[in-house]
Every structure is written in structure tokens, then in C-alpha cells.
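Subject: Handover of a structure, with findings

Dear colleague,

Please find the structure below, followed by an account of what was found in it.

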Amino acid sequence: MDKINFILDGKAVSAQPGQTILDVAKNSDISIPTLCHNQKISRTTSCFVCVVKDVKSGRFLPSCSACPVPGQEIDSSSDEVKNMRRTALELLLSEHTGDCEAPCTIACPAHARVEEYVRAGRKGDFLECLKIVKERIPLPMSIGRVCPRFCEKDCRKNVTGEPVAINDFKRLAADLYYETYLEELPPLIDKQVAIVGAGPAGLATAYFLRRNGIASVVYDQMPQPGGMLRYGIPEYRLPKAILDKELAHFNKIGIKFECSRKLGADLSLKELKQKFGAVAVTIGCWQPGSMRCEGEELAVQGIEWLEKIALNNWQGENPGRVIVVGGGNTAMDCLRTAIRLGSPDVNCFYRRTEAEMPAEGIEIQEAHEEGVKFNLLTAPVGLRRENGHIVMTCQKMELGEPDASGRRRPNPVPGSEYDVEADLVIAAIGQKTRATADLRATKWGDIDVDQETYHLEDNVFAAGDCVTGAATVVEGVAGGRKIALGIVDFLTGSKHQQEKVINVSRGHWSSLVPDDLVYLRNDVSHESRVKMDFIPLAERCSTFSEVTHTLSEEFMRKEGERCLECSCTAKADCKLKSISEEYGASPEAIVGEKVKSGYDNRHPTIIRDRMKCIKCGICVKICKEVINRNLLSQKQRGFVTSVGTAFGEPLPDSCRECGACIEECPVGALDWKIK
Amino acid sequence: MMVSDKIKKIKVGTASCGIAAGADEVLELLRQYVGDITIEEVGCVGHCYAEPLVDVETVDGTVISFQHVPSTVAGVENVLGLGDRGRFTIPAGRRNKELHKVIGLAGKICPTSFEQYVENGGYDGLKKALSMIPQAVIDEVRKSGLRGRGGGGFPTGTKWGFMAAKQAEQKVLICNADEGDPGAFMDRSLMESVPHQLLEGMLIGAYATGATKLFIYCRAEYPLAIKHLSIAIDQIYEKRLNVIAGLELEIVIKEGAGAFVCGEETALIHSLEGKRGTPRFRPPFPTDSGWQDYPTMINNVETLANIPLIVREGGEMFASVGTEGSKGTKLFALAGDLRCPGLVEVPMGITLAEIVFDIGGANPAEVKAVQTGGPSGGCIPVDKFDTPVDYDSLKSLGAIMGSGGMIVIGKQRCMVETARYFLDFTHRESCGKCTFCRVGTKRMFETLERITAGEGVPEDLDFLEEMGNKVRSGSLCGLGQTAPNPVLVTLRYFRSEYESHVREKQCGALVCNALTDVLLDQEKCIKCKLCIKNCPVNAVSEDFVIDNTLCVRCDTCIEICPKKTIYRVKKGEGYYRGQN
């Protein structure tokens, strides 16, 4: 038979009789996406992601099934065709229910592969656990102790009880292997980077630069590196010996520190820009906020007070009766430090209620345990000195409408003023960036970088608190990694810029009920969460010893059994995900009902998650036409169409050896249970 | 009981429509009292609104018809005594505008009587065809200009030509009797009333094209049609009419399980093969590769039932009726807001106004639109009713001829709700294969649900239009390609109704529950308390005020009020507890 000549994307091509447009495109190096087409089986023509347009008739054709006719003109790449494909993908995404990535990983500001490192821990491989952590978190000993645990707040286990104790995996793994594990380091290129500020963001920048073959010098204004890790976070939360161990590793991998060098004083941005390939500004937030009341100069600033005690190796005099104004983490640190210095009367004054306090719940709880008194809905209106003491005039507040931060605004109650007396008043009202004149700043005083790239100007990048405002260690680390990769691209011409990554989610745990949870393993533990191992309360209140011990391997392996392993088994090779990313299709573009069609994990090694199914029918045909078993079939019609077994029976045990359907499933609707 | 001595023969219409109206009971009573007079069961003449219908043939040769015959002794006495009550004459509109060809024998002969069919010219067409060469038969069909009556409108003669040209060890002819459109009953009526006419058409088709295996794919919801066809097939076997040119043809009835999509030819073939009823991409067309890969021709019931007439009277005779592009007559199932619903047969080219007003007896002042082509057709507004009914004119309005369902929509209906209603059907009936049809129609339906619930936003209309067009062009079969029609066509002709739903949150027709209140007019109320007693949620207070907070808009009070003092009003005009 004769060849069929036709036009494909403006190019004259020819097809053998029986060849489809998709076949011809493949031979002509024209990429047409498809989900439901599979060489091993007869055509299904279901997904319509492969549509092309017949220019003359204006009709859209599924290229996987349409054979060209002589003289036909086929358009496979116009915006109109791409738009049609995108809509097909968005429709599929709108009914596709699952979690591309686990909620914990999404929640982690550094996007550490949480589920993966917890799994390594569950299996007892804490070295592997640490390796995964360190892909994203170079300070696991510190973060393993001080992280507010964003991951745990979004953990699906919250649906049925308490979240998995994720951060404790990091802490244990780091305690076990941090000092011995040495990551693979590529050879250095001939360019160097200056980093100003040796706090979490600066350290992370240096670390990720080194992992990409770039050396750096880290400058810091203080006598020792660590930034707020050393001079802000108290010893009892993060022992400085631990920090020193962590920093020793930075020295080991060749990162140089130059301390007691302050930007604007004995360090010039202009010179750094000239001398180094790039400059990273990670100077943090070291400017205390103001109480805005009369006599406020009588109060000491929280971060400055903590810095002074830190410089004195966490020793100091009994401060007498102490008042701390503020409800954030720094306030808690000051309160609990005052307790440890022997103060007989430690008071927190906060203008809203405990529910609105920005401090972590666990910090507030531990402060309570240690004897801190909380004076809520109370704000200072003036300070004065009387008889060698400080008298603070306070006013009661009541909560009104929510303000811009979403928290209810405190309004003064007229006539409610009263006086309290103290020996030391500490203001812990927040921190700001202290940017030098040559750094462009926003109206809030933060460094004014490009929000996407954190690029400031020329070869200067900035990250951390000085860009975001005072935040957490893990957020600082995430920012550091971001500019490290930006600097790598800047210096080497590589392209780290993240492509558009989509994430389908079953929804936040607070919107789910226990029946919505999908159990990959049949033996997920329903035990309660592992308990923290506190030192005795008396010791907590009188010394700066670390308040908790690292939990044992045995406990953490057991804790790992509680993990649901939420992420998709097919996240690495999901065609719906990759094609959607290529076509810019968004899971949120089209919203509607999703069928809760359930999952089946009764088979020992195979899970069928029908909620992920895109009804392409490949599995049905593979089983029937290739394997000759016919175990699966499509059921019902309309939107509730599903793939199932006869009478809903489990797949037979013999499927253990085959799994041919699993190999061909374009999404994760059919998969091995093992991750 | 007095039985008139003028009566010679009695015919009772016992097709499904008659039975539903009580014809079986009437027949039973008549049998008790008629004595020796012959009673015959006949099919449907199309006047569904007048069922049960009884025709009485008198000794002097006239026929007296009775409508709405009650299944009571008094009712039967009136008929047998040839009383004056319930005399039925065909309304003038119908008499003048209809042209009964394909249903010419329906309601006149006993469906299961082979002899009566033959006496009335039955199987003359087959005889004549067998005397011709097959190609001449096809030429005759081609000359007639007959186009597929299932909705596609493909020229039947051309299809037969393709089929005849195929060389294969076996060829298959399938009669598509999976009449799935809600409100359509043309095919059922034909199969129940004149089963032999369909079978004759099939035998002629088999002879002309060389098919030896004949299927009738009939939905299982048509038990009477299946019964009559089975009897007729037995009679054919008995008379050896199935032996054509020395070959014994097999005729099989296959009952469909009720999936709308199985009316689509490739899905139908899959279903016949015992597979899941889903369409596949064409080509290959069934005439190239159909049932078990054999060349297969699929014709609709009405198409095949026209064949005996065409062969008997000649293609040119058939083509003398109708328009340039649409020849012959067409059956329509008239339903909805009109006085005389039922089955009608009209010449192609007749206007919608003639069908809806003259034949259907609808009041022009009360009609808003007509939905042609079933749930996947389009609503044509009343100002376009001068459009001639033919394949191409309807298509140009965005509607389709479809198989012949015609639903009249009164002014009291909300077009958004109407579109939602139709999409509710189609989105459920999608086979689930194509993404656009399975998910796209669902998302459109959800959007319509939101709009009718008063939660729509103006952007929803753009979404409906864009998605509607994509579902149209991104679906394999006719179901998906036409499912958005009700939405797209109402958006085209009744956009203002959508606009008021999404912008002012008002339903002008006072239909959408979320956008209306219920009000009792205290001044006209006679305080009979029927509303209070019957309200399922106790929303009517003892002092006759309806609390719209409680009211579930079930309309029970509106329907039960003897003085019509309760009615729907715009949202906000009703009483709400704690207000006013």
C-alpha cells in the first residue's frame, strides 16, 4: 500500500498505512503527550491529552487513534491545541485525589524530604536518615532541638491523634552521625563568595555553596559564629557545645570564618563585591523593637540581655523580680533564663491572650511548668524608677476585631490602670533588621530583594531574617539554600531555577476524617506519640542544662511505625504530574467534587488507590490482553466510573509475581506498597 | 348491559401508552360484556393524550372512536351502547398537518397478526425487492433521499452501498432500537404497533447488502416491543421469510441494559459483543469492521420501518415529500407543556410552529421554547418557530433533529434549571471514557447547580461556554459531542436568564428554590387550613403566614390551596421569621 503524505506542524511527513498521527509524530521528533496510550494494548482513546487539530475541518482528533488521511494538515503545537491539552489535564487533576508529596514535606520551609527520612528512621537506618535531612538542612543538631516543627503541624496523623514526632528523628540521627558523616563534595571552582552574617541563613548559604563546589568566607560581627543560635537561643534549649560540634563540621569542609567583623564598620560591601564573585548578605534582625511607652529606656532589650548572658557563658547574677513584656519566643527565652538565674518572681506581660501569643505552644507550656506567671490582656503604659526599683504602670486590655495580622486587636479598658514593681523590666517586642546605608531596604527596614530570587543587585544576594523579618532557624536555612543555588547559577551559568512543580493534595488534615486516611501499610501503628524525655523540673529551673534528652533509637523506630507515608508511591514517575507541569496545568484551576472511591490495600504487596485513577483503562487491558487474566474491569458510568475487581474481591496472591498493570499505570492508582 | 346491535368489531389500543392509561382494564371489562363481537388489540395511533382509546367499527362501515374510556362498567356501557360521552375525533390541526406514512398501519391492525399485516400490503415490499437485483434496491433507497432517523442523518442509501460493496464471509445488520432519549417513544411505538414493518425493512436491507446475521438491539425497558417482535420473528421463521436467496438469515433480539451511550453505534456493538458499552474512535467505521470485526450496518428502527414503503411505492414517491435535503416524513414524540402530547408523523419541512401549536395544541402565548433532539439537543426559542423542521435548519440554530423527541417548554419554566436538568441526565450517562465528557460535563453540571442555588458568579457563564465547546470537540461519540448543547443553546438564546441568576440572584420564572420565596395572600385566603395541615415542615403558622426560613419550597401548599392564594414570589418578598 502507498504511503500517506500529510502535513504535521507545517512539515511534510508520510505515514505507513495503519500508523496513527502519534506514531508519525514520534518518528518526526514531535512530542505529543499522552496518558492512556500504551503500545502493549489495543487503543483506549480516553484521556484526550494527545489531541491535535485537523486544520481544514477545525476538528480536534485524538492523535493516538486517528490515522492521517492524504493531504491532511495537522496542528500539534499551536496555543489552541496546547490549551485543549491543558484543559484535559486540569479536568483530570480536578478528579484526581492523592498527595503528590506528603503534607509534612510541603510544610517544611526547607522542603526536607520528611517522609523519606522518617522512613529511614523507622527502618533503623539513621545514617540514611541524616543524609536525607542534610540534603536540605545543614544544621540538624540545632534544628533538631529548636525547630517549631512546621511538619508536625500539618502531619496527617493529627486526624486521629497526635502527629508523628518528626523532629526527634532529625535530632537523633544528627546526634548519632553528624560528626562522622561526610557528604560528597565536588571539586572547588575558582570563584569565592563572601557571606556576611554567620547565623542560620549564612551558614546554610556557605554549606550549599560548598556542596556545589564553591568556597566561601563567612564574616560575622560577633566573636564567634552562630548568630542567634549562639547569642539568642538560650543554652538550655540549644547547648553551645552542640553548636560548636555543628560548626566544626563547617570548618572541616573548608568554610572559613572571620569573626568580629561588622558590615559598615570594618567591612565594606563595595570591597566585598569587588573582591568576591558574589556576596551573600545574611545579617539577621538584631535591632530590638520599641515598647512605645513613657520611660521605656528603663527597660533592657530582650535580645541584648540574652546576648550579654551568652557572652558570659550562660552565667549571671540573680536579677531579682523580673517583668518581661511580650509574648514571642524571645520573651519566653528571657523569662525562662531569668528563672534559671534564680529570680524569685518572673512575670510575663502580654496585651492579648495566650491563644494569640506568637511563641510556640511548647515554650509557653514549659515556662508555665518552670513557674513563670502570666499577666494576660495587660499592656505597659509607663515606666518610672522609684526607690531603686522600677514601677511599671499597666492597663487592662480587651480583644476587639481582628487586625491585619488576623489576631484580635487589643483595646485598652479605660480606668483599669495599676502599678507593678520589679527589679528588671525586659522588653521583648520583636526585632528588626539593622541594614547599613548601602543596602536597599523596604519600608519595614528589611532588605529589598527580588521576592522570587532574593537577588539584591549586581552580584549581591540576601536571605534570612534580614529579608523576611525575624523568623525561625529552618526558614533562615531555606533562604540560605535558595540564594546559594542562585549564586551557583550566577557564577557558573547553571540553571537551578525551580520549574513549576504541582502538588495535588487530599487536603489539610483539619478538613479530613479518619476514613479519609489512606494506609499504605496494613500495620501502621495506632499507639500514642512518643513522650519527650525531660530532665527533672528542679534541675530545669536551677541550671542551664538542656531540658530534654535525645530519644533512643528504639523509641524512634517505634515512633516511625506511626507514619502513614502520605506521599504518592508514583511521585517519581507520575505521567499526569510531569505532563501537567510541562503544560502549566494547575490542580486548582478547575474545582469540583472528587469521588471518594476508596482504596484497597488487602493484597500483601499491591495497593489500589482508586481515588488517583484517571480511568484510562490501561490496567484493565493489560490484564486482559497481555496477561490474559482479566482480573480488572471498569464499573459504573459517568463521573463515578471506576476500575474494580469482580465482586470487589481482593486481587489474588498470584498478582505478587506479575504487577504488569503497575508498570503501566500512568499515575499511582496501582502500585507496589513498598516505597 | 345494553350492547348496540350496530357494533361489528371493537379495537382497543393496547400499546404501552394505552396500558399506562388503563386500556388493559377497559379491555377486560369489554370482554365481559360484548358477547360474540370481535375485540382486537391494536397498537398506537399517536393520540396519547386521549388514551385509553376504543374504536368501534359499525355494521355500516363507519368507525366511532371513544377517548379516555374509564375502566368502569358505566364507561364500558357508554361505548357498547354507543353513547354520546367521550366521542373522539381527530383534532383539525392534527388532521390537516399530519401525514401518516410510516405509522399508517399503527393502531389499525393487530401488531401480532401476520395476516392483518399482509392484508394491508405487508411484505409486498420484500416481495418486490426480491424480484429486483440488490443494487436496484439500494438505488431505490438512494433515490428516496432517506436519511438516518436515529439522529445522525447519514444518507441511508449511501450506507447500504458501502455495506453491499464489502466482501466478507459474514455481514451483520443491526437495528438500533436502544431509544434512550427521555421523552422519545417513536421507535417503541413502531415496534409495539407494527413489528412486522420493521422486520420487513430489515429483511429488505439484508437482501440488498448481503447481511445474514440480523440483530435488534432493543432496550430492556421495552418489554411489550420485545414481546411483539419475538412473536413476529417466530411468524417469519414459520413462513420461511427469513430464507432469502437461499440463505437462512438469523434474527436475534438483544436486550440492552439501559445505558444511554449504547445508542451510539460503536458502543452498541461493544455491548452486543458482551463488552462494556463504550464507544471507540472511528474510523474504522462499522461497515468496515463492526460486530466481531465483520462488516456491520446499523440502522435505526424508524429508518428501517420506512424501507418497505420506499420499495413498495418507489423512491421517487418517498422523495416527493419533504425538503431539498430532508426527504419523507418524520416521527416526533411530542411532550411537555402542550395540550395534545403524543406521537406525530409530519412531512419534513413543516415548521416548528405547526408542530407545536397546530398539532400539539400548545398556546402560543404560553410557550417559551421547544427542546428538539432529546437531552443533547437544543432549546429553540419561540421566535424561531417559523424554522422548517429538517436536519440542516435545526443544526443551524445550534439544535439537532435527533431521533425525534420534542419537548415543549412553557413560559413558567426556568431555562437555567432546564439546562441543569438535561445535563443531570447526560453527565450521569457518560460512559466515563473520555476525559472531557466524564469530568467536563460533571463540572458544567456542578456549575449549573451552583447557579440555580443562587451561588453563581458571572465568570461561571464564561466557564460554561468555554468548557461546553471543549467537551463538544474533545469527546469521541455523539453523547459527549452533544451533551453541552442544552447549555450552549440556552446561553445563546436565553442569556438574560443566566445573567439575572448570577448577577441579581433572581429566577425570573420563580422556579429555582434558592431564589424564590413562598407567599400566602391573606386577603384571598378562606382559612380552610389545608396548607397548615399538609405542610411537611410546619412552615405555615396558625395565622396563615408562611415562614420562608422553614419552608422547603415543596409546593404542596401551592398545589393544595383551593383558592390559589399561595404562590411563589421573588427571593426576599416572602416572610422570614424574625423579620418584617
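In chain B, strands β12(B) and β13(B) are connected by a hairpin through five residues. Helices (H or I, at least four residues) and strands (E, at least two) are DSSP runs, numbered from the N terminus. This is a predicted model, in which local features need pLDDT of at least 70 and side-chain atom pairs count only at pLDDT 80 or more, while totals for chains, interfaces and linings use all residues. Residues are numbered from 1 along each chain as its sequence is written, chains are lettered from A and ligands numbered from 1 in the order in which they are written, and side-chain values use heavy atoms, with hydrogens and water left out.

Strand β12(B) covers residues 329–336 and runs antiparallel to β13(B), to which six bridges join it; two strands pair if DSSP finds at least two bridges between them. One of the partners is P347(B) in β13(B), which is bridged to T329(B). Why is β13(B) largely enclosed by the rest of the structure? Five of the six residues of this strand (residues 342–347) are buried, so the rest of the structure largely encloses it. Buried means under 20% relative accessible area, exposed over 50%, and partly exposed in between (1.4 Å probe, protein chains only).

**Domains of chain B**

Chain B is divided into domain 1 (7–89), domain 2 (114–318), domain 3 (329–410), domain 4 (415–504) and domain 5 (513–570). These bounds come from an automatic or database domain assignment. The centres of domain 1 and domain 5 of chain B, taken over C-alpha atoms, are separated by 42 Å.

**Helices and buried positions in chain B**

Helix α3(B) (residues 73–80) has G75(B), V76(B), N78(B), V79(B) and L80(B) as its buried residues. Their cover includes β1 (7–13), α2 (23–33), β3 (54–58) and β4 (63–66) of chain B. After α3(B) comes L82(B), with a positive phi near 50°.

In helix α8(B) (residues 156–165), the buried residues include T156(B), G157(B), K159(B), W160(B), G161(B) and M163(B). Among the elements of chain B that cover the buried residues of α8(B) are α7 (134–144), β6 (172–177), α10 (195–209) and α13 (301–313).

T426(B) belongs to helix α17 (residues 415–429) of chain B. T426(B) is buried, at a relative accessible area of 0%. Beyond its neighbours within four places in sequence, T426(B) is in contact (heavy atoms within 4.5 Å) with P375(B), L479(B) and A483(B).

**Backbone features to check**

Most residues other than glycine have a negative phi, and most peptide bonds are trans.

- E51(B) and P52(B) are joined by a cis peptide bond, with omega about -10°; P52(B) is in the loop between β2 (38–42) and β3 of chain B.
- P283(B) and P284(B) are also joined by a cis peptide bond, with omega about 0°; P284(B) is in the loop between α12 (265–272) and β11 (296–300) of chain B.
- R149(A), not a glycine, has a positive phi of about 65°. R149(A) is in the loop between α6 (140–146) and α7 (150–153) of chain A, and counts as buried at 14% relative accessibility.
- R553(B), a residue other than glycine, has a positive phi near 60°. R553(B) is in the loop between α23 and α24 of chain B and is buried, with a relative accessible area of 9%.

V537(B) is found in the loop between α23 (530–534) and α24 (556–560) of chain B, and counts as partly exposed at 32% relative accessibility.

**Chain A**

Chain A has 23 helices and 29 strands. Its C-alpha atoms fill a box of roughly 110 × 60 × 55 Å, taken along the principal axes. Of the 675 residues in chain A, 57% are buried.

K134(A) lies in helix α5 (residues 126–134) of chain A and is buried, with a relative accessible area of 0%. Leaving out residues up to four places away in sequence, K134(A) touches residues including Y178(A), Y181(A), E183(A) and H249(A). K134(A) and Y583(A) are 449 residues apart in sequence and 32 Å apart in space, C-alpha to C-alpha.

Yours sincerely
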